[in-house]
Amino acid sequence: MGAFDYISSFCSYTYSNAKTKRKPLQTVDIKVKMDCDGCERRVRNVVRRMKGVKSVEVNRKQSRITVNGHVDPNKVLKRVKSTGKKAEFWPYIPQHMVYYPFDTGMYDKRAPAGHIRNPTQAFPAANTPGENYVSLFSDDNVQAACSIM
């Protein structure tokens with residue numbers, strides 16, 4: 001092995017490391033109000049042209065865009081906003097995924113059927129006011145429940 005081989009392997013090693021550094025494969029859900037086919041097509045084309053995008057699914061009925069690929073979620077949101085549409089990250093999750101979905105602030109009229117607002121976005125604080133009421137009416141503390149009634 002000569003000096004030239006050593007230097008060429010070093011150069012190819014640094015070049016290959018820079019090229020393999022990619023963002024992880026992830027799914028980004030964005031809520032965008034789309035009224036017509038033209039709006040849907042414009043948003044889909046803008047996101048599809050981004051580097052690292054594998055697939056784009058648009059659901060106009062739910063006003064939802066799902067992007068799969070090696071992308072940064074904030075860059076996708078910024079690109080969608082560049083079309084002039086109001087956009088935000090998808091704020092809803094399926095109702096069966098939450099331990100206590102009947103707490104205050106969870107329901108949203110605009111949520112699709114079977115979905116509720118994400119608890120981390122609905123309650124930024126860790127302690128929710130609904131937890132205190134549930135502990136008052138427990139079978140373990142019968143005297144407190146009788147005194148309240």
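Where is isoleucine 30 found? Isoleucine 30 is found in strand E1. The model is a predicted one.

**Overall layout**

The chain has 149 residues, and buried residues make up 31% of them. Its secondary structure comes to six helices and six strands. Along the sequence, these elements follow the pattern α-β-α-β-β-α-β-β-β-α-α-α.

**Strands E1, E2 and E3**

Strand E3 covers residues 64-69. Strand E3 pairs with strand E2 (residues 53-59) in the antiparallel sense, over six bridges. E3 also runs antiparallel to E1, and six bridges join these two strands.

Individual bridge partners can be named. Valine 56 has valine 67 in E3 as its bridge partner. Glutamate 57 stands opposite threonine 66 in E3. Isoleucine 30 has isoleucine 65 in E3 as its bridge partner.

The hairpin of E2 and E3 has four residues between the strands. Within this hairpin, serine 63 takes a positive phi near 55°.

Is isoleucine 30 buried or exposed? Isoleucine 30 has a relative accessible area of 0%, so it is buried. The cut-off for buried is under 20%. Valine 76 lies 46 residues away from isoleucine 30 along the chain, yet the C-alpha atoms of the two are separated by 8.7 Å.

**Salt bridges**

How many salt bridges does a search of the whole structure find? The search finds six salt bridges.

| Salt bridge | N to O distance |
|---|---|
| Aspartate 37 and arginine 60 | 2.4 Å |
| Arginine 44 and glutamate 40 | 3.3 Å |
| Lysine 33 and aspartate 35 | 4.0 Å |

Lysine 33 and aspartate 35 form a salt bridge, with their closest N and O atoms 4.0 Å apart. Both of these residues are exposed.

Aspartate 37 forms a salt bridge with arginine 60, with 2.4 Å between the closest N and O atoms. Why does this pair tie together parts that are 23 residues apart in sequence? Aspartate 37 lies in helix H2 (residues 37-48), whereas arginine 60 lies in the loop between E2 and E3. Aspartate 37 is partly exposed, at 47% relative accessibility. Arginine 60 is partly exposed too, at 31% relative accessibility.

Arginine 44 and glutamate 40 meet through their side chains in a salt bridge, at 3.3 Å from N to O. These two residues are four residues apart in helix H2, so about one helical turn separates them. Arginine 44 counts as partly exposed, at 23% relative accessibility. Glutamate 40 counts as buried, because its relative accessibility is 15% and the cut-off for buried is under 20%. Salt bridges that share partners join Asp37, Glu40, Arg44 and Arg60 into one network.

**A positive patch**

Which residues gather in a patch of positive charge on the surface? They are Lys23, Lys51, Lys75 and Lys78. Lysine 23 is found in the loop between helix H1 (3-20) and strand E1 (26-32). Lysine 23 is partly exposed, with a relative accessible area of 39%.

How values were computed
Residues are numbered from 1 along each chain as its sequence is written. This is a predicted model: local features need pLDDT of at least 70, side-chain atom pairs count only at pLDDT 80 or more; totals for chains, interfaces and linings use all residues. Side-chain values use heavy atoms; hydrogens and water are left out. Patches are made of residues with over 30% relative accessible area and no salt bridge: like charges are joined within 9 Å, nonpolar side chains (Val, Leu, Ile, Met, Phe, Trp, Tyr) within 5 Å. Accessible areas come from the Shrake-Rupley method with a 1.4 Å probe; for residues, only the protein chains shown count as cover. Lys and Arg count as positive and Asp and Glu as negative; His and the chain ends are not counted. The place of a charge is taken as NZ of Lys, CZ of Arg, CG of Asp or CD of Glu. Buried means under 20% relative accessible area, exposed over 50%, partly exposed in between (1.4 Å probe, protein chains only). Two strands pair if DSSP finds at least two bridges between them.
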